[in-house]
Amino acid sequence: MMEHPFTRAFYLVLAALAGSITALSFRPFQKMTKAEIGVALFVGASFSIFVGPYIIYMWFGSGEVDYRIAGAILYIAATGSNVLIPVAVKKLTEFFGGKSKDETT
């Protein structure tokens, strides 16, 4: 079944946004300001949109992938972004010889 390109794009953006909302539910969002919530949603969705296609390419190659599979990967990437990004920052900080926040206290 051929879907309209707009429909594909809509579902992929929706998956990225839904994943970032899911990621926010794992954080203490009740104590966050509206700006912090907005940034968390934006970072989750943008991480998914920019990193998700790379993951899809690594797993499936350059052929066309069903938009539901692509949406699931984008959802998982957005959900995991709030876990993956801080871990990556900590590892890079340690790699370049800096101290992480945990070590400074």
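This report describes the helix packing and the salt bridges of a predicted model.

**Packing of α1 against α3**

Helix α1 packs on α3 at an angle of about 25°, and their axes lie 7 Å apart. Because angles under 35 degrees count as roughly parallel, α1 is roughly parallel to α3. The crossing of these two helices is right-handed. On the α1 side, the contact is formed by R8, Y11, L12, A15, A16, A18, G19, S20, T22, A23 and L24. Helix α3 contributes Y67, A70, G71, L74, Y75, A78, T79 and N82 to this contact. By residue class, the α1 and α3 contact comprises 12 nonpolar, 6 polar and 1 charged.

**Packing of α2 against α3**

Helices α2 and α3 meet at an angle of about 125°, with their axes 7 Å apart. The two helices are therefore oblique to each other. Their crossing is right-handed. From α2, the contact involves V43, G44, F47, S48, G52, P53, I55, I56, W59 and F60. The α3 residues taking part are I69, A70, I73, L74, Y75, A77, A78, S81, L84 and I85. This contact of α2 with α3 divides into 16 nonpolar, 4 polar and no charged residues.

| Helix pair | Angle | Axis separation |
|---|---|---|
| α1 and α3 | about 25° | 7 Å |
| α2 and α3 | about 125° | 7 Å |

Residue A70 of α3 takes part in the contact with α1 and also in the contact with α2. L74 of α3 likewise belongs to the contact with α1 and to the contact with α2.

**Salt bridges**

The model contains 2 salt bridges. One of them joins E64 to R8, with the closest N and O atoms 3.8 Å apart. This pair links distant parts of the chain, 56 residues apart: E64 lies in the loop between α2 (34-60) and α3 (67-95), whereas R8 lies in helix α1 (residues 5-24). E64 counts as exposed because its relative accessibility is 70%. R8, at 22% relative accessibility, counts as partly exposed. Besides its salt bridge with E64, R8 is among the α1 residues in contact with α3.

The side chains of R68 and D66 also form a salt bridge, with an N to O distance of 2.8 Å. R68 has a relative accessibility of 49% and therefore counts as partly exposed. D66 is likewise partly exposed, with a relative accessible area of 30%.

Terms used. Residues numbered from 1 in each chain as written. Predicted model: local features only at pLDDT ≥ 70, side-chain atom pairs only at ≥ 80, totals over all residues. Heavy atoms only, no water. Salt bridge = Lys/Arg side-chain N within 4 Å of Asp/Glu carboxyl O. Helix = DSSP H or I, 4+ residues; strand = E, 2+ residues; numbered from the N terminus. Buried < 20%, exposed > 50% of the residue type's maximum accessible area, 1.4 Å probe, protein only. Axes fitted to C-alpha atoms, helices over the stretch in contact; angles between N-to-C directions. Parallel < 35°, antiparallel > 145°, perpendicular 65-115°, else oblique. Left-handed = near helix turned anticlockwise from the far one by under 90°. Contact = heavy atoms within 4.5 Å. Nonpolar A, V, L, I, M, F, W, Y, C, P; charged D, E, K, R; others polar.
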